[in-house]
Amino acid sequence: MEEYTGFDIIIPVYNVQDYLAECIESVICQNYDNYEIILVDDGSTDESGKLCDAYASSYEHITVVHQENMGLSGARNTGIRRTGKKYIIFLDSDDMLCENALINLHNLICQKRQPQLIVNRRVTYDGIRVTKCRYFFEAEFADMTNVQVYRLLPQLKDCWLGAWMFVCRRDYIEKEKLFFYEGIFHEDEEWVPRVFLNAKSIGYNNSFLYCNRICREGSITATRNIKRITDKLEIIELLRVEFQKRKYDRSVKEAISLRIQAILFGILTEVYKYNKCREYENVCRRIQEKYLIMKNGMRMIYVVSYYMLYIMGVDKTSRALSFIVALK
């Protein structure tokens with residue numbers, strides 16, 4: 001087997017001057033040195049770009065790319081094209097790696113004979129305390145199919161399928177053209193199914209890799225924008241087109257159908273919050289056009305939402321479902 005050759009850590013950077021140093025230091029302080037940090041300054045307008053340059057001038061294994069703003073997907077894709085090591089780690093610039101993350105990951109990769117994809121555990125940090133995730137990869141995961149695991153992961157407590165949860169072999173990303181779709185929010189929703197369901201070998205890492213900062217004011221996930229809804233609608237179409245291809249078997253297509261239903265249901269539980277936006281009525285029409293997706297829903301609540309959409313329309317359905325979800 002080809003000799004193991006370390007990690008490229010891609011860090012997209014956009015206006016995070018207050019958090020970037022902590023992010024970079026979490027890598028520099030690892031007790032493992034076979035890595036390269038690729039900082040992609042995505043058109044920052046604060047001091048983030050200068051901070052990137054300062055770190056690059058002080059550490060030979062840090063590279064900086066400055067580019068016009070292309071969004072998170074575009075920055076990650078730029079980083080992928082600059083990689084040269086065996087594995088790629090995606091690290092958001094307001095997050096951190098956990099202590100001993102790289103050496104633990106290295107050991108697992110060697111033990112599992114260098115799988116194409118590694119799924120990891122995380123902790124969260126709210127600025128005061130660190131909380132460990134409650135999901136754990138049991139031994140039987142290794143005997144399950146990709147589809148079985150993909151359907152199970154969203155059911156695990158605290159398991160959020162962000163790109164940073166996965167470590168990928170560079171040659172796998174290049175061969176399968178697993179770049180991120182650019183220009184949309186929630187790009188992970190479109191990328192994760194492709195990266196997971198095409199993998200021929202997967203390792204499960206029960207050591208903590210990633211420290212996810214939550215409740216940060218001004219973060220992408222904390223900002224309300226109706227484009228979040230329209231982008232999810234686009235992701236539904238992207239998934240439908242991709243997974244209609246002949247190379248995917250029936251079990252994969254069923255898993256994607258369930259994921260599409262889950263995305264549409266998520267849209268329905270929150271779209272009413274955007275009713276003051278001028279695009280609201282048009283977005284509701286686009287959602288209504290997709291109500292048949294729920295007709296043969298794989299969960300009873302999806303079937304119920306189909307009838308609600310048919311009878312009540314999007315706005316009333318959204319308000320009712322949001323109330324039902326809150327009760328649970």
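**Exercise 1.** Determine which residues Asn205 touches, not counting residues up to four places away in sequence.

*Solution.* Asn205 touches Leu105, Leu108, Ile118, Val119, Asn120, Arg121 and Phe137 when residues up to four places away in sequence are not counted; contact means heavy atoms within 4.5 Å. The structure is a predicted model, in which local features need pLDDT of at least 70 and side-chain atom pairs count only at pLDDT 80 or more, while totals for chains, interfaces and linings use all residues. Residues are numbered from 1 along each chain as its sequence is written, and side-chain values use heavy atoms, with hydrogens and water left out.

Next, locate the residue. Asn205 belongs to strand 9 (residues 202–213); helices (H or I, at least four residues) and strands (E, at least two) are DSSP runs numbered from the N terminus. Its relative accessibility is 2%, so Asn205 counts as buried. Buried means under 20% relative accessible area, exposed over 50%, and partly exposed in between (1.4 Å probe, protein chains only).

Finally, examine the polar atoms. The side chains of Asn205 and Asn120 make a polar contact at 2.9 Å. A polar atom of the Asn205 side chain also lies 3.0 Å from the backbone nitrogen of Ser207. A polar contact is a pair of N or O atoms within 3.5 Å; within protein, one must be able to donate a hydrogen and the other to accept it, and residues adjacent in sequence count only if both atoms are side-chain atoms.

**Exercise 2.** Identify the buried residues of helix 2 (residues 48–58) and explain why they line one face of the helix.

*Solution.* The buried residues of helix 2 are Ser48, Gly49, Cys52 and Tyr55. Viewed down the axis of helix 2, these residues fall within an arc of 125 degrees, so they line one face of the helix. The arc is that of the directions from the helix axis to the C-beta atoms. On the other side of helix 2, Lys50, Ser57 and Ser58 are exposed.

The packing partners follow. The buried residues of helix 2 pack against strand 1 (7–13), helix 1 (20–28), strand 2 (35–42) and strand 3 (62–67).

Consider Ser48 as an individual case. Ser48 has a relative accessible area of 0%. Apart from neighbours within four places in sequence, Ser48 is in contact with Val13, Asn15, Val16, Gln17 and Leu20. A polar atom of the Ser48 side chain lies 2.9 Å from the backbone nitrogen of Val16.

**Exercise 3.** Describe how strand 4 (residues 87–90) is covered and to which strands bridges join it.

*Solution.* Begin with the two faces. Tyr87 and Ile89 on one side of strand 4, and Ile88 and Phe90 on the other, are all buried, which leaves both faces covered.

Then take the pairing; two strands pair if DSSP finds at least two bridges between them. Strand 1 and strand 4 run parallel and are joined by 4 bridges. Ile9 stands opposite Ile89 in strand 4. Strand 4 and strand 8 (residues 166–169) run antiparallel and are joined by 3 bridges. The bridge partner of Ile88 in strand 8 is Cys168.

Arg169 also lies in strand 8. With 16% relative accessibility, Arg169 counts as buried. Leaving aside neighbours within four places in sequence, Arg169 is in contact with Lys86, Tyr87, Gln114, Pro115 and Gln116. A polar atom of the Arg169 side chain lies 2.8 Å from the backbone oxygen of Gln114.

**Exercise 4.** State how many aromatic pairs the structure holds, and characterise the pair of Phe7 and Tyr87.

*Solution.* The structure holds 19 aromatic pairs. Rings of Phe, Tyr and Trp (its six-membered ring) pair if their centres lie within 6.5 Å; planes under 30 degrees apart count as stacked, over 60 as edge-to-face and the rest as tilted. Phe7 and Tyr87 form a tilted pair, at 6.4 Å centre to centre with 55 degrees between the planes. This pair links distant parts of the chain, with Phe7 in strand 1 and Tyr87 in strand 4, 80 residues apart. Phe7 is buried at 0% relative accessibility, and Tyr87 is buried with a relative accessible area of 0%.

A further pair can be treated likewise. The ring centres of Tyr135 and Phe137 are 5.6 Å apart and the planes stand at 55 degrees, so this pair is tilted. Both Tyr135 and Phe137 are buried. Ring pairs link Tyr135, Phe137, Phe141 and Tyr204 into a cluster.

**Exercise 5.** Determine which charged residues lie over the face of Phe185.

*Solution.* Apply the criterion: a charge sits over a ring if NZ of Lys or CZ of Arg is within 6 Å of the ring centre and within 35 degrees of the ring normal. Lys227 lies over the face of Phe185 at 5.2 Å from the ring centre. Arg228 lies over the face of Phe185 at 4.4 Å from the ring centre.
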